[in-house]
Amino acid sequence: MIKRVVSILLILALCTLLSGCWNYRGLNTMSIVAGVAIDRKDDQNYQLTVEVFDLAASGKESAGKSQIVESEGKTIFEAVRNAKKRLTKKLYFGDIQLVVISEQIAREEGIQDVLDWFMRNEKARETLSTVISQEKTAKEILTASGVDHKIISEEIEKILDADNRTTASTKNIDTFKALNILKGQKETALVLPAVHCTDNQGKKVVEVNGIAVFKADKLQGYLSPEETHYYLFAVDEIKGGILTFPFEAKNQKNQDNLSLEISNNKTKKSYSYEENRLKVFLDIKTTAALGEVGTDIDVSKKDNIEKIKAAATEVFVQRLEAVIKKTQTEFGCDVFGFNTMIHKKNPVLWSELKENWNFYIQTMEVEVRPELVIKNTGLMK
Amino acid sequence: MLKKSSEKNKEAGTSSDDSISAVNIKDSLSTSLEKNIKTLNAIFIDDDTIATRFITNCHNNTLQYCLVQNDGMVNAAIINENIIKPLMQSEVLLNKGQQIDILIHQVILINQVKKTKEWQEIIESVTYGDTILFIDGEKEVLILNSKGFNLRGIAEPPSEKIISGPREGFCEALMINLSMVRRRLRTNELKIKFKSFGVRTHTQVCVCYIDSIVNINILDELYRRLDTIDIDGVLDANYITELIRDSKLSPFRAIGYTERPDVVVGKLLEGRIALFVDGSPVVLTLPYLFIENFQSNEDYYMSFYYSSFERVLRILSFILSITVPSFFIIVVAFHHEILPTTLLTNIAKERLGVPLPAGLEAVIMLIVFDILKETGIRMPSGIGQALSIVGALVIGQAAVEAKLVAAPMVIIIAVTAITGLLIPKMNAAIPYIRLGLLGLSSALGVVGLLLGLSGLMIHLLNLYSFGIRQLTPIDTLRYQEVKDTFIRGPWWKMLNRPAILTKNKTRLSSSDRGDCD
């Protein structure tokens, strides 16, 4: 009998080791947070703008409406708790999708301190996206209106999610990965999506606008959506998108443009190191289809296809090199992750270069070697 | 001796019923017809259904007889034509005091005739529709089979519906039930043993098995347990079940039941033992394995693809039925983060303004559903519509619109209820497990659910049926036996019987295996 009681107690004790929280928290006692915008209020305080799902909205069309809650605090955590002073319910961060950080904080203080709470808190999911606001404050992003969704955080998150398959104009990264880069791979420069507001039918709406480039955790500058597109080619993150380039300008006033739809892309990085000169090669193999031919050319002829290819390749190299130049001169940091490539291929060399990596990044030569395949012309007789 | 008994008879007329029968039935019969009938009347005093009929042979006045029968239980035509008529008109040379064997062999036209001297046997026979023939001058009486009571016809059992396969179902008469089984098993290896239970009901119980297949140890254990039964009445097979089953407090079945003869034969062929109880259309089969909860006889009559899918569905339903409410509570009250955002906000929106916490709401709704279910069974069939209106409209729609109950909860309860109804053989256990798990999860979250499920598993592993662990063949994996557990393998692959049930394993001779193609 005693044996039995003891074994039951042991089983009970073992069960407590099984994972899980055992605090009962009804759904109607919490406000579900969709996104947070972080601004600097003054020297001491952060200003938090929290977007929560508006559950009280009645009716069928209330599929998604949001409310804005503002609060202040010396730390993010304090600001979150201060918000409770205005709310009957507790903020619930388990479904948070977006953190918007103001340009000021990103440039002056760095993002690591601000994001710390979101990663340390057990509720907030670490796959949330972090974006940098190009407006004056981050709050402006969350208070703008969305086109598809009433909830801005969700709208931005969804735009970012599908971006690299359609427009390939920004680069989304899970926040925990971003922090891994900041803390682990110090030589790689972090990039985060940048968003700004724009006008759509008289309404202020949100639009993703390229990427923000960091050195350590401080903002250095931005790449425009078009520059980002070429940047993505270099880091092998292209999954779609289009390539538009000018072709055979017949009259100077009206330039003809062609668009290629990218179906597949593979980029391989390699390097050579001779006499203290580092040179990096980018072998970019792209498969594309003619998406739009805005000029009068017979694409059924092989010669013409070759011409298109030549023109596209030329423009492509030109633009990509410009982007690389810009990162080297303006930011002076390793946006493309060349350091990991060298580290993996030649650890000995890497330990040599490591000390002066900034110098090498700014002075090295990058050779782009594109290979374009036009798979089909999309022409139907 | 004779005087004594007649004196006792006189006394008996004045004292209470109990003492009469207690005294009289142990005495032997008299040679005097008059005395015997007096004793009989004393035994059946205050019972007006016992009718007596005196007869005298028309060729020999000294030959006197008396017929005793129970009104309403006899076939009058048989008695008139085959008993009274030959007795009255018999021209066979009969002598008073030496005629009983001649009567049996040459006069009475009845298929089953039995001699007896015991009052106890007379009582049991006459109350079962037999006619007793008292013969003047003889110390023995004849029990003549003249049963003619009305029975429910053979119909499809409403509790075990099938789409294809034999539709015959057992009725309340033991012999008819046995005939249905015998018709399917025309072998001398089918053994049928009668026993009688119930001090007052004298219910016939019949143990049935196939001699060459049955596991002798299980049979011995069954007889040992049957011998311990001492009860005043047995009205249904469940009386026997509860008296002889293992783990008497477990809500799970330890003995199988069916109302279908084809199922009984199927179980007998697997080496199980069947137990028929007179007066009940339910036949018990044992030993009972846990997997039998999910089996249906139809599985074997339809394509094995179809039945395997159905069987997996039943097992899935069982798991869903016990865990869905508790899992829902865990999701909405403990681990919100596993829900996709849209679902979370939708559920949160529905829960807004609902007065009760989710756990309590689930308990109330489950109980309401069980009330509805019970009402559906008990109420007179004419008012069924009222129930569906109350159930569907008031408790479903109106309660949600009035914000008394959240809509997702109604869906959860509906899923729970429907999946639970799919496995009627576990209807006793499911509500308890369901509520238990719900309570544990409401208190402890996923820890509680796992705690409950571990407890359930421990309990299941401890269940035995006549010395056989009920989770066999799931806990000990044998390739041959898995073919009839989660899936139903094709017949040409089921070569053996379950090894645990029988030593005579081969079921299909190797030439029939169908390996040739």
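This is a predicted model: local features need pLDDT of at least 70, side-chain atom pairs count only at pLDDT 80 or more; totals for chains, interfaces and linings use all residues.
Chain A contains 12 helices and 13 strands. Along the principal axes, its C-alpha atoms occupy a box of roughly 85 × 60 × 55 Å. Of the 381 residues in chain A, 50% are buried. When contacts between residues at least 6 apart in sequence are considered, 65% of those in chain A join residues at least 24 apart. The accessible surface of the chain amounts to about 19,600 Å², and carbon and sulfur atoms account for 49% of this area. Chain A carries 53 positive and 54 negative side chains; the centres of these two sets are separated by 6 Å.

Two domains are assigned in chain A, with domain 1 covering residues 27–223 and domain 2 covering residues 230–381. Their contact involves 21 residues from domain 1 of chain A and 22 residues from domain 2 of chain A. A distance of 32 Å separates the C-alpha centres of the two domains. Between them, domain 1 and domain 2 of chain A bury about 1,600 Å², and 63% of this buried area lies on carbon and sulfur atoms. On the domain 1 side, Asn164(A), Glu187(A) and Leu223(A) together provide 33% of the area buried against domain 2 of chain A, a share greater than that of any other three residues.

Backbone geometry was examined at individual loop positions. In chain A, Glu275(A) lies in the loop between strand S11 (257–274) and strand S12 (277–293). The phi angle of Glu275(A) is near 50°, a positive value in a residue other than glycine. Glu275(A) has a relative accessible area of 75% and is therefore classed as exposed, the cut-off being over 50%.

A residue of chain B, Phe466(B), likewise has a positive phi near 50° and is not glycine. Phe466(B) is located in the loop that connects strand S11 (464–465) and strand S12 (468–469) of chain B. With a relative accessible area of 4%, Phe466(B) falls under the 20% cut-off and is therefore buried.

Pro287(B) belongs to the loop between strand S10 (283–286) and helix H11 (304–333) of chain B.

Methods. Residues are numbered from 1 along each chain as its sequence is written. Chains are lettered from A and ligands numbered from 1 in the order in which they are written. Side-chain values use heavy atoms; hydrogens and water are left out. Helices (H or I, at least four residues) and strands (E, at least two) are DSSP runs, numbered from the N terminus. Buried means under 20% relative accessible area, exposed over 50%, partly exposed in between (1.4 Å probe, protein chains only). Contact means heavy atoms within 4.5 Å. Accessible areas come from the Shrake-Rupley method with a 1.4 Å probe; for residues, only the protein chains shown count as cover. Lys and Arg count as positive and Asp and Glu as negative; His and the chain ends are not counted. The place of a charge is taken as NZ of Lys, CZ of Arg, CG of Asp or CD of Glu. Domain bounds come from an automatic or database domain assignment. Buried area is the accessible area (1.4 Å probe) that two parts lose on being put together, summed over both.
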